[in-house]
Amino acid sequence: MAESNDWWTCPTESEDGRLIIVSGRRDIDIFRRNPKFSIRVEITWRYSDALSADMPDDATAQMMGDVTDALEAEFTKDPVAIMTGIYTGAGERNWVFYTLSTNIFNKKINQALSSFPLLPLSIYAENDPDWLEYSEMRDLSEIATE
């Protein structure tokens, strides 16, 4: 992920007390105000070669960074979705997006990741027109950084 003042990063804990690093996006008001961006999509990469704090090993972390950059580039070029959060720890990385269409989102994901080998990704989508997941992440992150 490119360095930007439009993101914050803070540590938090999973439900079982393991470290999670949360990165959240600030510059999203235009998307939040658009009622078409009502579908939350979460892409999960579970990794087994975790370091002692349940963080990915160096090679996996590098590949995850490359995937993040590819996703960001694709959705910057064609903003049919916005990446709002990245959670890393407890044996997995989650990228959270809000999109206007799962069909278009799937096409864009395939385009973004076409140069990568097959990755151990799972994708989940649900309606979240009030952006409740984003609001919760932002609120909990702000508490953690105080």
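In the predicted model, Glu92 is partly exposed, with a relative accessibility of 21%. The side chain of Glu92 takes part in a salt bridge with Arg46, in which the closest N and O atoms lie 3.3 Å apart.

A second salt bridge joins the side chains of Arg25 and Glu72, with an N to O distance of 2.9 Å. Here too the pair links distant parts of the chain: Arg25 is located in strand 2 (residues 19-25) and Glu72 in helix 2 (residues 58-77), 47 residues apart. Arg25 counts as buried because its relative accessibility, 9%, falls under the 20% limit.

A further salt bridge is formed by Asp139 and Arg138, whose closest N and O atoms are separated by 3.5 Å. Both partners are assigned to the partly exposed class, Asp139 with a relative accessible area of 38% and Arg138 with a relative accessibility of 24%. Beyond individual pairs, salt bridges with shared partners unite Glu74, Lys77, Asp78 and Lys108 in one network.

In total, 11 salt bridges are counted in the model, among them the Arg46 and Glu92 pair, the Arg25 and Glu72 pair and the Asp139 and Arg138 pair.

Technical notes. Residues numbered from 1 in each chain as written. Predicted model: local features only at pLDDT ≥ 70, side-chain atom pairs only at ≥ 80, totals over all residues. Heavy atoms only, no water. Salt bridge = Lys/Arg side-chain N within 4 Å of Asp/Glu carboxyl O. Helix = DSSP H or I, 4+ residues; strand = E, 2+ residues; numbered from the N terminus. Buried < 20%, exposed > 50% of the residue type's maximum accessible area, 1.4 Å probe, protein only.
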